[in-house]
Amino acid sequence: MSVQAAPQAAFRAARTLPEVRQAAEIRRAVFVEEQGLFDGSDRDLRDDDPATIHLIALVDGQVAGTVRIYRLDAPGAWLGDRLAVGAPFRVLQLGAGLVRLAVRTAGARGGDIMHAHIQLPNVAFFERLGWQASGPTEDYVGTPHQPMSIDLRGSL
């Protein structure tokens with residue numbers, strides 16, 4: 001009987017343009033093809049802003065998931081969005097690692113609070129990670145989302 005090694009996951013900021021493109025492909029597969037939230041592409045001006053940080057999960061060296069984060073206009077405020085994990089990798093529970101990395105990264109860069117728009121089926125997942133509802137449910141890209149926030153000062 002042969003024993004296969006468990007996949008090795010790593011979490012970090014994308015370092016190369018090919019990694020950013022692979023992350024964008026995962027987002028397209030999730031948000032355009034699977035969920036139909038966007039028509040053709042989920043890309044927006046934030047993707048081309050050099051201040052946007054694209055975080056990735058790598059499994060055995062392959063980009064398997066992503067989330068992007070960026071500062072908002074309010075002092076100390078950040079937004080995390082476009083959390084996506086490729087279908088073959090979802091059993092590895094990479095989403096939690098990506099969210100934790102997003103929180104640590106924004107906090108390490110002086111952030112006080114991070115906001116996100118969470119699809120309703122994912123609210124409990126974010127609550128388990130320490131996030132709280134921060135307003136009434138709203139329509140975001142044609143789908144109900146719960147605004148949520150986390151205090152970055154106590155989350156490092």
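The accessible surface of the chain comes to about 8700 Å², and carbon and sulfur atoms hold 53% of that area (Shrake-Rupley method, 1.4 Å probe; for residues, only the protein chains shown count as cover). The model is predicted: local features need pLDDT of at least 70, side-chain atom pairs count only at pLDDT 80 or more, and totals for chains, interfaces and linings use all residues. Residues are numbered from 1 along each chain as its sequence is written, and side-chain values use heavy atoms, without hydrogens and water.

Four helices and eight strands form the chain (DSSP runs, numbered from the N terminus; helices are H or I of at least four residues, strands E of at least two). Their order from the N terminus is β-α-α-β-β-β-α-β-α-β-β-β. The C-alpha atoms fill a box of roughly 55 × 35 × 30 Å along the principal axes. Buried residues account for 43% of the 156 residues (buried, under 20% relative accessible area; exposed, over 50%; partly exposed, in between; 1.4 Å probe, protein chains only). Of the contacts between residues at least 6 apart in sequence, 61% join residues at least 24 apart (contact, heavy atoms within 4.5 Å).

R82 has a phi of about 60 degrees. R82 lies in strand β4, residues 77-85. R82 counts as buried because its relative accessibility is 9%. V141 has a phi of about 45 degrees. V141 sits in the loop between β7 (138-140) and β8 (143-151). V141 has a relative accessible area of 33%, so V141 is partly exposed.
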